[in-house]
Amino acid sequence: MSDRAVTLGQFVLQQERMHPEASGQFTSLLLDVALAAKMINKAVIRAGLVDVLGATGTTNVQGEKVQKLDVFAHETIMRVLGSTGQLAVIASEEDEDIVQVTDGMPIGRYVVNFDPLDGSSNIDANVNIGTIFSILPRLTRTGRGTHEDVLQAGRRQLCAGYVLYGSSTMLVYTTGDGVHGFTYEPSIGEFLLSHPNIKTPKRGRIYSANEGNYAHWSEGVKRYVDWLKCDDAETGRPYSARYVGSLVADFHRNLLYGGIYMYPGDKKNPNGKLRLLYEAAPLAFVAEQAGGAASDGTRRIMDLAPAALHQRTPLFIGSPENVAEAQSFVQEKHAGVTSDRRTR
Ligand code: P6P
């Protein structure tokens with residue numbers, strides 16, 4: 001790759017030329033996601049200056065307090081993507097049900113599921129927040145999009161990625177041909193290729209979890225986290241605990257440095273907190289394409305077909321050796337393990 005700056009648009013076109021078999025039909029859709037990201041980014045970086053901080057006083061379908069930026073991000077994505085003529089149906093964390101694309105627009109061949117602003121509880125504290133998106137082919141042939149079109153397993157995704165808003169806003173995506181990261185250059189309004197072909201380390205020594213939930217975790221998860229904290233230089237333990245409380249920020253750091261993010265189920269919420277369709281599945285696609293893994297503790301996230309729009313799932317995601325290790329504890333294959341001197 002030459003050292004000249006490559007924009008997202010140029011890169012996507014290069015990819016299309018390199019892979020004639022790739023239809024590239026959703027190229028413009030991906031570029032529209034980037035357009036929406038630029039508009040959201042402009043609001044996010046000015047959040048402290050204009051009246052978008054604080055809550056709207058309403059709650060979303062999750063029963064969560066809706067922050068004004070949440071609403072802006074949701075409405076921006078719906079407006080930009082809804083006018084592409086490429087979509088049949090859209091699903092968002094902020095909407096109770098699917099949104100069919102109508103209003104005289106041509107009904108397209110694709111579905112977009114997204115979390116408009118994940119980690120929004122961090123907005124007022126100026127902590128990184130993110131947009132997560134997933135593009136799928138519709139299953140139904142004609143007519144308005146349906147739930148069947150939306151509720152597909154992650155392995156059906158054509159494209160998935162996230163935008164991480166912060167001091168340096170990044171867009172990271174995959175179309176099944178590796179993972180590529182772009183850094184936003186506001187002076188020219190372009191996402192420039194900064195992290196081509198991201199590969200996550202096979203093992204990392206960072207774990208990300210809300211240990212405030214420890215008392216409610218299963219014995220297997222407790223044993224795993226206890227094991228990570230044992231002092232054993234030979235296996236690089238104890239690991240470092242890093243938890244921003246914003247999935248996209250924790251995921252992105254672990255993608256680059258190696259490690260594991262986990263949000264297990266617990267006694268209060270057996271399926272955990274995170275949503276399968278527009279949080280776990282898109283990030284699982286990115287993780288696997290970067291050489292990582294994503295599991296619900298026993299099954300591959302990408303194989304799980306959601307039965308409901310806002311279905312939750314436990315999530316263990318990151319470096320493959322870390323995820324496999326976590327799975328072995330969660331499945332109690334290491335019952336009784338404390339500070340054993342295992343090979344790794
Ligand atoms: P907790 C944010 O609400 C979110 O969905 C993720 O971004 C984040 O990782 C997680 O929830 C934080 O949840 O229960 O640790 O505050």
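Thr298 is partly exposed, with a relative accessible area of 49%. Thr298 belongs to the loop between β14 (293–295) and β15 (315–318). The model is a predicted one.

**Thr298 and its distance to Val330**
- Along the sequence, Thr298 and Val330 are 32 residues apart.
- In space, their C-alpha atoms are 7.8 Å apart.

**Ligand site**
- The ligand sits in the largest pocket.
- Residues around the ligand include Asp118, Gly119 and Asn210.
- Also among them are Tyr243, Gly245, Ser246 and Leu247.
- Which side chain has a polar atom 2.6 Å from an oxygen atom of the ligand? Asp118 has one at that distance.
- Tyr243 also places a side-chain N or O atom 2.6 Å from a ligand oxygen atom.
- For Lys273, a side-chain N or O atom is 3.0 Å from an oxygen atom of the ligand.
- Taken alone, the ligand exposes 400 Å², and the protein buries 81% of that.

**Helix α3**
- Helix α3 runs over residues 68–82 and has 15 residues.
- From first C-alpha to last, α3 reaches 21 Å, close to the 21 Å expected at 1.5 Å a residue.
- Buried residues in α3 include Leu69, Asp70, Ala73 and His74.
- Thr76, Ile77, Met78, Val80, Leu81 and Gly82 are buried in α3 too.
- An α-helix has 3.6 residues a turn, so residues three or four places apart point the same way.
- Among the buried residues of α3 are Leu69, Ala73, Ile77 and Leu81.

- Is Gly108 buried or exposed? Gly108 counts as buried, because its relative accessibility is 6% and the cut-off for buried is under 20%.
- Gly108 is found in the loop between β4 (99–100) and β5.
- Gly108 and Arg138 are 30 residues apart along the chain, and their C-alpha atoms are separated by 8.6 Å.
- Gly63 counts as exposed, at 54% relative accessibility.
- The loop that holds Gly63 lies between β1 (55–59) and β2 (65–67).
- Gly63 and Leu31 are 32 residues apart along the chain, with 32 Å between their C-alpha atoms.

**Backbone geometry**
- Most residues other than glycine have a negative phi, and most peptide bonds are trans.
- Where is the cis peptide bond? A cis bond joins Arg237 and Pro238, with omega about 5°.
- Pro238 lies in the loop between α5 (219–228) and β12 (240–241).
- Asn126 has a positive phi, near 60°, and is not a glycine.
- The loop between β5 (110–118) and β6 (129–137) holds Asn126.
- At 71% relative accessibility, Asn126 counts as exposed.
- Asn197, again not a glycine, has a positive phi of about 50°.
- Asn197 lies in the loop between β10 (190–195) and β11 (206–208).
- Asn197 counts as partly exposed, because its relative accessibility is 42%, between the cut-offs of 20% and 50%.

Conventions. Residues are numbered from 1 along each chain as its sequence is written. This is a predicted model: local features need pLDDT of at least 70, side-chain atom pairs count only at pLDDT 80 or more; totals for chains, interfaces and linings use all residues. Side-chain values use heavy atoms; hydrogens and water are left out. Helices (H or I, at least four residues) and strands (E, at least two) are DSSP runs, numbered from the N terminus. The expected span of a helix is 1.5 Å times one less than its number of residues. Buried means under 20% relative accessible area, exposed over 50%, partly exposed in between (1.4 Å probe, protein chains only). A residue is near a molecule or strand if one of its heavy atoms lies within 4 Å of it. A polar contact is a pair of N or O atoms within 3.5 Å; within protein, one must be able to donate a hydrogen and the other to accept it, and residues adjacent in sequence count only if both atoms are side-chain atoms. Accessible areas come from the Shrake-Rupley method with a 1.4 Å probe; for residues, only the protein chains shown count as cover. On a 1 Å grid over the protein atoms alone, a cavity is a set of points where a 1.4 Å probe fits but cannot get out, and a pocket is an open set with protein on both sides within 12 Å along at least five of seven lines; lining residues have an atom within 4 Å of a point. A molecule sits in a cavity or pocket if more than half of its atoms lie within 2 Å of its grid points.
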